[in-house]
Structure formats: structure tokens, C-alpha cells
Amino acid sequence: MAESKVARRYATALFNTAQKNDVVKSVEDDLSAIAGLLANDHKFRSFMLSPEVGREEKVKIAEKLFSDRVTALTMQALRLLLVKRRENEIEALRDEFVSLRRDHGSVAYVVVTSAEAMEQDQRTALISKLQSEFGKSVEADFRIDGRLIGGVRVQVGNHVLDGSVSGSLRRLGEALRHNILFQN
Amino acid sequence: MSNPQKKSGMPYLVKLIIGAIFMAAGVWISQNTTELTHSLTEKGIPLDLGITVSVIGVFIILIPVINYYYFTPLAEAINERTQALESTFGEAEDLRAEMSKMKSDYEQRLAATEAEARSQIQAQIKEAQALRQTLMSEASAKADELVKRAQQEIEGEKTRVLNELRSEVVNLTLSASEKILGENMDSDKNRRLVAEFIEKVEVPK
């Protein structure tokens, strides 16, 4: 929780600066790339998150890797994190930054889970329908989960719009169990 | 022994003189009335007035002596005996009265003790009866409570088992349904389901 607050604080400062310089999208892409590298490259992750490696060495490697690939603002933020020994917050910083960007840009983030991969026309139709329902643009993260059996489930924050077969079966089971209890 | 002179109203000396006078008078009468005596004897009355008067004189002299040496001690003895008897009777009467009183007291105490004992016994009996009643009531209430609790537990257990059974039936039914649906699901059906969702989906406001 304390770590999230730290990431939130860094993200807010970085987002405000990026907004002033009109580089929000570039910074987000940079942060996603760095976070993606951390998630996918085990050696890079071990190096960056190791407490035995000195901060100067980490800064040096980071500048070598990213200085000509990311914006100056992103590089400055990354350097600050490494100097302050907050490298563990890089992924959380990316998430908080994206969240801030969505909040400011009036964008709804949804997770769409389906039993099979949705075809493009259905994806477009679903996003269009959701944009119409929410009254703002929608960013969707499409995922596949065979346990749904069929249909689709959309998660928006804490709300779930469940059109899956497994969801229908679950609701049916809950109704039957409720009736069993209600009979007694 | 009391003095005879003190007892009689007349002093003994006076009586002695009177007796002597009667004796002397008897002697004189006996000597001077011989003819009268013979006459009376002849008539069948053997009375000598002189002897009679003399004897009266002797009696007058002897009665105080007899009285002094015989009647007075006898009367005193009788009196003493009478007093002793009266005293004895009085003591006996006192003793009898005391015994009667003691007996009465004893009977009263005995009655009181018996009454108290009876009262205590009655109280104990009542207390025992009350205790018995209380214990019986408590035992009965406890038994009723146990029976009620057992019935509730049986009922609860029955309901629980029935619910478990029904839930199990629901689970099995859902599992079977899930399996059947999974086996019968294909891309076309899935696409139709997605299309149906897109058409009907509504975001709760």
C-alpha cells in the first residue's frame, strides 16, 4: 500500500510534466516498453531489482540502454527512481501513469474475456457499444479464458457485465441454492 | 411434761384440800349414817354414802395426778403423733402437689417439645416436599429442554443434510450442464452468444 502511494506520487508528477510538454503518449509508450522489458527479460529484471548492484551502475546501464530510445522526460524519471532506490516501483509507476492518463482523457478501461478469440468485427462492435453505453472512449484489453465455455465477460473497474455461459450457469446455481435456502 | 396446776383452772392445792375434805366428809358420813346404809342395803340398794363421798374425794385428788402422769403425756403423744402425721401428710401432700406440678410441668414441656418436634418435622416435611417439587420441576424442565434441543438438533441436522443433498444435486446438475454445453459449444454458437451480448448489454447507471 505504501509502495502504491509512492508510485502514485511519482506518476502524478511525471504525468503533469508530460501533459505540459504534450508527451503523455510518448512517456506512456516508454514506460510500457521498460516495464515490458522488466517483465520479459529475466536477466535485466534481476540486474535492475538486485539490492547488491549499486545505484550508479544501474543508472549507467539504464542510460546506455534507454537514453536514445525514450524521451528525455522518461529518462529523467527513470534516473530519479534509480537514484532514490525506487526501481521496484517502475511497473506500478507505469500502471498509475496509464490510470491517470485514462482519468484525464475520459477513457474507460475494460477487460474483455471470451472463451475463444473474438473476431475483429465483433471487437469493434463491442467497443462501439460500450462507448455508446459509457458515453466516453473505451480502451479494451482482450483476453481468452476457456472456462467461460461460451460468450463474453466485460469487466469495468469493479463492475462485471457477464454474458458468458459459465456466468449464466453460476447465476442459475446461485438462484437454485437461494431457493433451497428460501424453502427452509 | 406440763404442770397439772397450770393446765386446770383451779390450783392443785385447792383440789387437794377439797379432796381431803370430801374424804373426811365421807368418813364422817360413813360413821354417822350407819342406819341409813343398813336401810338401803335391806331395800336392795347397797350404797354407802360415806364411801361414795370419800371415793369422790380420792378422785378429786387422783385425777390431776392421773392427768399429770398419764393423760397429759398421752395427749401430748397423741398430739405429737397427730402433728407428725399431719406434718407427714402435709409433706406428702406438698410432695404430691410438687410432683403433680412437676408432672404437669413435665407434661407441658413434653407437650411443648412434642409440638415443637411435630412442628419441626412438619416444617422439614414441607421443606422436603418443596425441595422434591423443585427438583422434579427442574428435572422436568431440563428433560423438556433436552428433548426440545434434541428435536431442534435433529430438525437442524435434517435441514442441513437436505440442503447439502439439494446443493449437491444442483452442483451435479450444473456440472453435467457445463460439460454438455462445453461439448456442444462451437465457434458459430460462441459467435452468436457474443453477438447477443453486444446487442443486449447495458451498463448499470
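This is a predicted model: local features need pLDDT of at least 70, side-chain atom pairs count only at pLDDT 80 or more; totals for chains, interfaces and linings use all residues.
**View 1. Chain B as a helical chain.** Chain B holds 5 helices and 0 strands. Along the sequence, the order of its elements is α-α-α-α-α. Of the 205 residues in chain B, 7% are buried. Among the contacts in chain B with a separation of 6 or more, 73% link residues 24 or more positions apart.

View 2. Helix H2 of chain B comprises the 21 residues 12–32.

**View 3. The contact between chain B and chain A.** Chain B contributes 23 residues to this contact, and chain A contributes 26 residues. On the side of chain B that touches chain A, the elements giving two or more residues are H4 and helix H5 (187–200) of chain B. H4(B) supplies the largest share of that side, namely 10 residues. By residue type, the side of chain B that touches chain A divides into 12 nonpolar, 7 polar and 4 charged residues.

**View 4. Strand E1 of chain A between its pairing partners.** Strand E1 of chain A covers residues 107–114, and strand E2 of chain A covers residues 137–144. These two strands run parallel and are joined by 8 bridges. Within this pairing, Val107(A) stands opposite Ser137(A) in E2(A). Together with helix H7 (residues 120–134) of chain A, E1(A) and E2(A) make a right-handed β-α-β unit. E1(A) is also joined to strand E3 of chain A, residues 151–156, by 5 bridges, and here the strands run antiparallel. In this second pairing, Thr113(A) stands opposite Arg153(A) in E3(A).

**View 5. Helix H2 of chain A and its buried face.** H2(A) has 17 residues, which at 1.5 Å a residue should span 24 Å. The buried residues of H2(A) are Val24(A), Val27(A), Asp30(A), Leu31(A) and Ile34(A). Seen down the axis of H2(A), these residues fall within an arc of 130°, and therefore they line one face of the helix. On the other side of H2(A), the exposed residues are Lys25(A), Gly36(A), Ala39(A) and Asn40(A).

View 6. Asp29(A) is placed in helix H2 of chain A, which runs over residues 24–40. There are 14 other C-beta atoms within 10 Å of Asp29(A). A residue is buried at 20 or more such atoms and exposed at 12 or fewer, so Asp29(A) counts as partly exposed. Thr74(A) is 45 residues away from Asp29(A) along the chain, while the C-alpha atoms of the two residues are separated by 9.7 Å.

Conventions:
Residues are numbered from 1 along each chain as its sequence is written. Chains are lettered from A and ligands numbered from 1 in the order in which they are written. Helices (H or I, at least four residues) and strands (E, at least two) are DSSP runs, numbered from the N terminus. The expected span of a helix is 1.5 Å times one less than its number of residues. Two residues are in contact if their C-beta atoms, placed from the backbone, lie within 7 Å. Ala, Val, Leu, Ile, Met, Phe, Trp, Tyr, Cys and Pro count as nonpolar, Asp, Glu, Lys and Arg as charged, and the others, Gly among them, as polar. Two strands pair if DSSP finds at least two bridges between them. A crossover is right-handed if, with the strands pointing away from the viewer, the path from the first strand over the helix to the second runs clockwise. The arc is that of the directions from the helix axis to the C-beta atoms.
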